[in-house]
Amino acid sequence: MKKYKAIHYLGDIHGNIQVIRMHIRDKQLSNCVIIQVGDFGLGFVSFERDHTNMSDLNRDLAKSNIMLYIVRGNHDFPKYWDGEFFNDLSHIKLTPNFSVLNIEGQNHLFINGAISIDRVSRMRNDLMNCGQKSYWGDEIVVVDEKILEDVRTIDIVVAHTSPELAAPVGFNSLVYSFAYHDDTLLNGLTEERNLLSRVFNKLKENNDIKRWIYGHFHFHKEENHFGTEFCVL
C-alpha cells in the first residue's frame with residue numbers, strides 16, 4: 001500500500017472545489033491524504049457537471065499524489081454514496097456510511113449525514129439535479145447497528161456531526177429562527193445528537209477512540225471528553 005506523508009482534515013466547502021486547489025498550492029501539499037468531513041456540495045447540479053468537476057479535481061490530485069476521501073454531509077446527494085458513482089476516479093473516494101478504512105496505520109470509521117436546519121425553506125426532492133433550493137429526505141444519520149456492535153480497533157471517527165457533549169452545546173439564534181417555522185426541528189436535532197452520543201458510548205466500550213473529527217457547524221474548536229479529542233472544523 002502506498003505510504004503518504006500526512007493526513008489533512010478539511011471542513012465544509014459547499015461546492016467550492018477551489019478551496020482544495022488553494023490548499024494544495026499555498027501549502028505545497030503532495031504525497032498526502034485529505035479527508036473532507038461532509039457538505040462537499042455534490043448533487044446540486046447535473047451528474048454530468050459534477051462528474052466533470054470531480055474529474056478535473058482528480059487530475060490535479062493525481063499530479064500531486066493526493067488521495068481525497070469525502071464524507072457525506074446534509075448538503076450532499078445521498079445516492080452518490082451508495083457506491084455506484086465516481087468509481088472511475090483514481091484519487092477520490094466517497095466513503096460509504098459506517099465504512100472502516102485503514103489510512104496511514106489508523107483505522108477510520110466514517111459516519112454520514114445530518115439534518116438541514118434550513119429544510120423548511122427548501123423543497124424536498126430525492127432525485128438528482130434538484131437545485132440549490134432543495135433538500136433530500138434521506139440526508140439524516142442512519143446507524144448501522146451491526147457494525148456498531150462488532151467494530152474493533154477504531155482510532156478515529158470522521159463524521160459530519162457529533163455527540164451532544166461536543167461543541168456546540170445547545171442551540172443558537174440561527175437554529176431557533178428556523179425552528180420558528182419548523183415544528184419538529186428542535187426535537188429532530190436533539191434526537192440526532194443523542195443518537196451520536198449512543199454511537200460514541202458504544203464505540204468507547206470496544207475501541208480506543210483517539211479523535212472524533214466533524215464539520216457541519218462552521219466554526220473551529222478542539223476539546224477533550226473521556227480521553228477522546230473532539231475537533232470541529
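**How do we know? Reading a predicted model**

User: Why is Asp-182 called buried?

Analyst: Happy to walk through that one. Asp-182 has a relative accessibility of 9%, and buried means under 20%, so Asp-182 counts as buried. Keep in mind that this is a predicted model.

User: Where does Asp-182 lie, and which residues does it touch?

Analyst: Asp-182 sits in the loop that runs between helix H4 (173-179) and helix H5 (185-206). Setting aside residues up to four places away in sequence, Asp-182 touches Arg-119 and Val-120.

User: Why is the chain said to be as compact as a globular protein of its length?

Analyst: First, a quick look at what it is built from: 5 helices and 12 strands. Its radius of gyration is 17 Å, and the globule rule gives 17 Å for 233 residues; the two values are close, so the chain is as compact as a globular protein of that length. The C-alpha atoms fill a box of roughly 50 × 40 × 35 Å along the principal axes, and buried residues make up 52% of the 233 residues.

User: What makes up the largest nonpolar core?

Analyst: That core has 27 residues, and those touching the most other members are Ile-20, Phe-40, Met-54, Leu-68, Ile-92 and Leu-94. Two or more residues come from each of helix H1 (18-26), strand E2 (32-36), helix H2 (47-63), strand E3 (66-70) and strand E4 (92-94). Apart from this core lies another one of 21 residues, among them Phe-98, Ile-111, Ala-166 and Phe-200.

User: Which residues does Phe-40 touch?

Analyst: Not counting residues up to four places away in sequence, Phe-40 touches several residues, including Ile-20, Met-54, Leu-57, Leu-68 and Asp-76.

Definitions and conventions
Residues are numbered from 1 along each chain as its sequence is written. This is a predicted model: local features need pLDDT of at least 70, side-chain atom pairs count only at pLDDT 80 or more; totals for chains, interfaces and linings use all residues. Side-chain values use heavy atoms; hydrogens and water are left out. Helices (H or I, at least four residues) and strands (E, at least two) are DSSP runs, numbered from the N terminus. The radius of gyration is taken over C-alpha atoms; the globule rule is 2.2 Å times the number of residues to the power 0.38. Buried means under 20% relative accessible area, exposed over 50%, partly exposed in between (1.4 Å probe, protein chains only). A nonpolar core is a set of buried Ala, Val, Leu, Ile, Met, Phe, Trp, Tyr and Cys residues joined through side-chain atoms within 4.5 Å. Contact means heavy atoms within 4.5 Å.
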